Amino acid sequence: MLDVLQINPADNVCVANRPLPAGTRVTCGATGFILEQPVPLGAKLALTNLKSGDQVIKFGVPIGTLISDAPPGTYIHTHNLRSDYLKTYARGDLI
Amino acid sequence: MTIPLTGYLRSDGRKGIRNITVVAYLVECAHHVAREIVYPYRESGAHLIGFPGCFPNAYAHRMMEALCTHPNVGAVLLVSLGCESFARRKLEQTITESGRPAATLVIQKDGGTRSTIEKGRAWVEQQTQTLAQAERVPMALDELVVGTICGGSDATSGMTANPAIGVAFDRLSDAGAACIFEETGELIGCEHLLAERCVDDGLAREVVTSVEKARVYYDVLGHGSFASGNAEGQLTTQEEKSVGAYIKSGTRPINGLIKPADVPPTGGVYLLDVVPDGEVRYGFPNIVDNAEIAELIACGSHVILFATGRGSVVGSAIAPVIKVCGNPQTYERLADDMDINAGAVMTGDATVADVGDALYDQTIAVAGGAPSRSEDLGHQEFILTYKQFEPIGPACLPVI
């Protein structure tokens with residue numbers, strides 16, 4: 001099976017199909033990169049040279065805006081992506 | 001299309017796929033007594049539901065009426081403390097008028113805890129025996145109502161379990177079944193996708209307005225439908241979770257927008273608006289998945305298709321819940337709780353279409369009487385809290 005999947009051709013991220021160790025050489029369409037850190041199943045990884053302020057596209061639709069640059073292979077999650085609608089809380093944030 | 005399904009015919013023409021004796025407490029103070037009444041009969045078709053509040057609420061009353069006259073319900077015992085505000089006589093009258101056996105025990109009049117439990121158990125024993133003898137009549141697929149929800153979502157839910165439910169929804173709605181998806185707050189970011197699928201412009205406007213209502217409501221509360229477990233499962237934003245959740249509604253036209261306890265007037269796809277109307281009051285509107293499952297059931301859902309990634313184990317009172325597990329790691333840990341392994345899509349062992357077809361078959365099997373996993377394990381979760389709703393507008397339902 002493939003390591004990653006680009007769900008929609010319009011997406012600028014791919015998704016890890018299984019936990020991937022650091023150093024994994026990932027190929028997705030025309031993009032290739034080496035993972036700098038281990039990522040869990042379901043992790044989003046940048047496919048293009050994304051900049052702070054760019055929208056991340058997954059399932060073919062925007063899922064939020066980047067707050068830092070994300071070159072190909074960058075792990076994208078709550079540390080660098082913000083909702084365009086509602087704040088995301090982590091466990092313990094409101095206690 | 002006629003398939004070899006059978007059901008219990010009710011006086012309103014609807015048919016049930018189960019024949020349950022409901023025991024309903026009408027205030028938290030009657031919860032223990034009601035639970036004790038049910039306990040010996042929990043595996044013989046007695047289910048516990050109830051409303052905990054002491055003060056009256058129109059939504060809760062309407063929900064209780066809809067649930068007590070649900071097609072899967074054959075008889076109802078109401079358990080009241082006595083001094084709470086719930087309109088117990090009106091509820092009993094509604095149930096009796098539906099042709100179902102109904103009785104009310106009032107703890108303050110029936111001799112307290114021990115005596116009320118004894119009387120309740122005697123009534124339930126008789127009803128469960130009678131209902132077990134009831135005859136089933138042929139039932140067509142276009143008489144079936146199916147609800148869907150996702151809970152404990154992670155990044156796999158939108159890639160495997162929800163798309164598989166979408167496939168099953170397409171097949172079920174093509175066969176004439178009514179298919180209900182819900183949680184407008186989990187559709188924030190998908191307004192344009194929803195609007196394009198609505199059967200007319202009036203409905204499209206109502207749907208977009210309902211999602212905007214959810215966004216404003218959650219903004220005021222400072223919290224939406226996004227739990228920390230979602231982020232641990234690699235979902236980052238509400239709109240990312242939304243698109244994944246939206247996919248389980250399939251691809252067919254959206255026929256209407258309903259609110260809790262509204263029954264779809266035709267087959268096809270319906271959106272259930274679960275976010276209250278008016279100013280924000282009573283606290284969180286959808287505190288947990290079972291609050292929404294109860295609403296889907298109040299809309300007449302016979303069976304619920306539940307997508308999970310993190311691994312929810314809940315079932316429900318009144319209607320069986322079928323678990324579709326999207327995450328192969330979760331499936332490995334919780335296989336006994338899951339009906340369908342959609343994680344096989346992630347591991348390359350099945351396609352979304354394969355899993356959707358298996359789910360369609362499982363839905364028919366459960367409707368035909370086979371227990372779902374959560375049902376077999378005895379799950380009968382139920383929760384009902386305070387809300388307020390305005391009736392739906394004229395553009396919300398199809399012209400029949």
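**Chain B, from the interface inwards**

A: In this predicted model, chain A and chain B bury about 2600 Å² between them, and 63% of that area is on carbon and sulfur atoms. On the side of chain A, the residues that lose the most area to chain B are Leu41(A), Tyr85(A) and Leu86(A), which together make up 27% of what that side buries. Counted by contacts, 33 residues of chain A meet 35 residues of chain B.

Turning to the helices of chain B, α1 (residues 31-38) packs against α4 (residues 112-132) at an angle of about 40 degrees, and the two axes are 8 Å apart. The helices α1(B) and α4(B) are therefore oblique to each other, and the crossing in which α1(B) passes α4(B) is right-handed. From α1(B), the residues His32(B), Val33(B), Glu36(B) and Ile37(B) take part in this contact, and they meet Thr113(B), Thr116(B), Ile117(B), Gly120(B), Arg121(B) and Val124(B) of α4(B). Sorted by class, the contact of α1(B) with α4(B) holds 4 nonpolar, 4 polar and 2 charged residues.

Another helix pair in chain B joins α2 (residues 58-68) to α3 (residues 88-97), with an angle of about 30 degrees and axes 9 Å apart. That angle makes α2(B) roughly parallel to α3(B), because angles under 35 degrees are counted in that way. Here too, α2(B) passes α3(B) in a right-handed crossing. The residues His61(B), Met64(B), Glu65(B) and Cys68(B) of α2(B) meet Lys90(B), Leu91(B), Thr94(B) and Ile95(B) of α3(B), and this contact divides into 4 nonpolar, 2 polar and 2 charged residues.

Met64(B), which takes part in the contact of α2(B) with α3(B), also touches Gly50(B). Gly50(B) itself lies in strand β4 (residues 46-50) of chain B and is buried, with a relative accessible area of 1%. Besides Met64(B), and not counting residues up to four places away in sequence, Gly50(B) touches Tyr25(B), Phe382(B) and Leu384(B). Gly50(B) and Ala30(B), which are 20 residues apart in sequence, have C-alpha atoms 9.0 Å apart in space.

Helix α9 (residues 238-246) of chain B is mostly covered, since 9 of its 9 residues are buried; among them are Glu239(B), Glu240(B), Val243(B) and Tyr246(B). Lys241(B), which is found in α9 of chain B, is buried with a relative accessible area of 8%. When neighbours within four places in sequence are left aside, Lys241(B) is in contact with Ser153(B), Glu186(B), Ser225(B), Phe226(B), Asn230(B) and Leu235(B).

Ser153(B), a contact of Lys241(B), is also in contact with Gly309(B). Gly309(B) has its place in the loop between β12 (303-308) and β13 (321-325) of chain B, and it is buried, with a relative accessible area of 0%. Leaving aside neighbours within four places in sequence, the contacts of Gly309(B) also include Gly151(B), Gly152(B), Asp154(B), Thr156(B) and Ser157(B), along with Asn327(B) and Thr330(B). Although Gly309(B) and Ala161(B) are 148 residues apart in sequence, they are 7.9 Å apart in space, C-alpha to C-alpha.

Terms used
Residues are numbered from 1 along each chain as its sequence is written. Chains are lettered from A and ligands numbered from 1 in the order in which they are written. This is a predicted model: local features need pLDDT of at least 70, side-chain atom pairs count only at pLDDT 80 or more; totals for chains, interfaces and linings use all residues. Side-chain values use heavy atoms; hydrogens and water are left out. Axes are lines fitted to C-alpha atoms, for helices over the stretch in contact, and angles run from 0 to 180 degrees between N-to-C directions. Helices (H or I, at least four residues) and strands (E, at least two) are DSSP runs, numbered from the N terminus. Angles under 35 degrees count as roughly parallel, over 145 as roughly antiparallel, 65 to 115 as roughly perpendicular and the rest as oblique. A crossing is left-handed if the near helix is turned anticlockwise from the far one by less than a right angle, and right-handed if clockwise. Contact means heavy atoms within 4.5 Å. Ala, Val, Leu, Ile, Met, Phe, Trp, Tyr, Cys and Pro count as nonpolar, Asp, Glu, Lys and Arg as charged, and the others, Gly among them, as polar. Buried means under 20% relative accessible area, exposed over 50%, partly exposed in between (1.4 Å probe, protein chains only). Buried area is the accessible area (1.4 Å probe) that two parts lose on being put together, summed over both.
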